[in-house]
Amino acid sequence: MRHKKSEHNETQTSRERFVFHIDTTKPEITLQDFIEISKSLEVTCKSVSALVFNNAPCQIIIETPENGSLKLVYKIAMAVGIALAPDITNGILEEYTNHDVKYYAGKASRAFTDCVSGIYSASMDKLKKTLRGLPEENKDKFERIIKAQNDFYGTLNKTKEFKGVGFSDDYNFPVSRKEFSIHTTNDIERILPTEQALKHLVIYKSLNVNEDGKWEFKDKADGSHFSANIEDEFFKKQFLNGKNPLKKTKKDDEIIALVEYEKKIKNGSAIEQNRVIKEIYTFNNKELRKTPENLIMNLMKKKEDKQGDLFDD
């Protein structure tokens, strides 16, 4: 989908300071906590860029903090030519800055840091309300923002010396320690529709008894190993009756089969839960049943798409 460009474009790269100002009884932080906080900011920035700024590249630069103050200061550099337009902000900019797009005309970097600050200041309930209102294709990006905020406040909550958080150079800490809990949440999960694909597989381990259990396979296309149940009763009956035995040589036993993938989204990232072998069409070059034409066409299309990607590993 192409987005129209706003008439207000920045003509050069600009940098805005982003401050995590932590109220603490001692002005120091462990390396692990610093990594967690920085990682949280990086994930949030990338997701905000994708949701609000049409995937505009940004760079996070760490600035040396002042002596005696636990200010984790970052500069967020925005690339040339960022366009702010209502059709790409998804309402998020307005919701978390209390300003409309026109207010930030020519100040995209400022809009970016204001939006990020607004997100870190917001309660988890507000973030989840925004998530519910987003179209399905954008939910994973905002789920990653929620996970990043959960990790940030969860990290601070582990250390008793951290008393509050602010996002400016002054000593105003709008998020107090007693409020850290309203910025955390449990994992957010969504079950995805199952997907099916025709696959050329090597059998690594078979089951030689008639019972439910998982066989082990290698995908010849990408070399990945996985375990899966076989739901093709015709194949299992033929196999157990000795009509389609494994090779007695060291050569691979291979099948062409329909594989079903069960996946879920957890905190914005897709996770495979299970694979199932639905039907087996060919066993060691012996055709057991005719392969549906639509599966063959989908397999060929995927191969063509892969060959056309110049940056594919």
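**A walk through the model**

Analyst: S117 lies in helix α4, where helices (H or I, at least four residues) and strands (E, at least two) are DSSP runs, numbered from the N terminus. Before going further, note that this is a predicted model, in which local features need pLDDT of at least 70 and side-chain atom pairs count only at pLDDT 80 or more, while totals for chains, interfaces and linings use all residues. Residues are numbered from 1 along each chain as its sequence is written, and side-chain values use heavy atoms, with hydrogens and water left out.

User: Is S117 buried or exposed?
Analyst: S117 is buried, with a relative accessible area of 17%; buried means under 20% relative accessible area, exposed over 50%, and partly exposed in between (1.4 Å probe, protein chains only).

User: And what does S117 touch?
Analyst: Not counting residues up to four places away in sequence, S117 touches F18 and F167, where contact means heavy atoms within 4.5 Å. F18 and F167 also belong to one aromatic cluster, together with F20, Y74, Y120, F152, Y153 and F180.

User: How many aromatic pairs are there?
Analyst: The structure holds 21 aromatic pairs. Rings of Phe, Tyr and Trp (its six-membered ring) pair if their centres lie within 6.5 Å, and planes under 30 degrees apart count as stacked, over 60 as edge-to-face and the rest as tilted. One of the pairs is F235 with F283, which is edge-to-face at 5.5 Å centre to centre, with 65 degrees between the planes.

User: What does the pair of F235 and F283 tie together?
Analyst: F235 lies in helix α7 (residues 233-240) and F283 in strand β11 (residues 269-283), so the pair ties together parts that are 48 residues apart in sequence. Both F235 and F283 are buried.

User: What about E279, where is that one?
Analyst: E279 is found in strand β11, and E279 is partly exposed, with a relative accessible area of 31%. Although E279 and F235 are 44 residues apart along the chain, their C-alpha atoms are separated by 8.1 Å. Leaving out residues up to four places away in sequence, E279 touches D232, A257, L258 and R289.

User: Switching topic, which residues of helix α5 are buried?
Analyst: In helix α5 (residues 124-133), M124, L127, T130 and L131 are buried. Seen down the axis of α5, these buried residues fall within an arc of 120 degrees, so they line one face of the helix; the arc is that of the directions from the helix axis to the C-beta atoms. As background, an α-helix has 3.6 residues a turn, so residues three or four places apart point the same way.

User: Which residues sit on the face of α5 turned away from its buried side?
Analyst: That face carries the exposed residues D125, K129, R132 and G133. The buried residues of α5, for their part, pack against α3 (92-97), α4 (108-121) and α6 (136-157).
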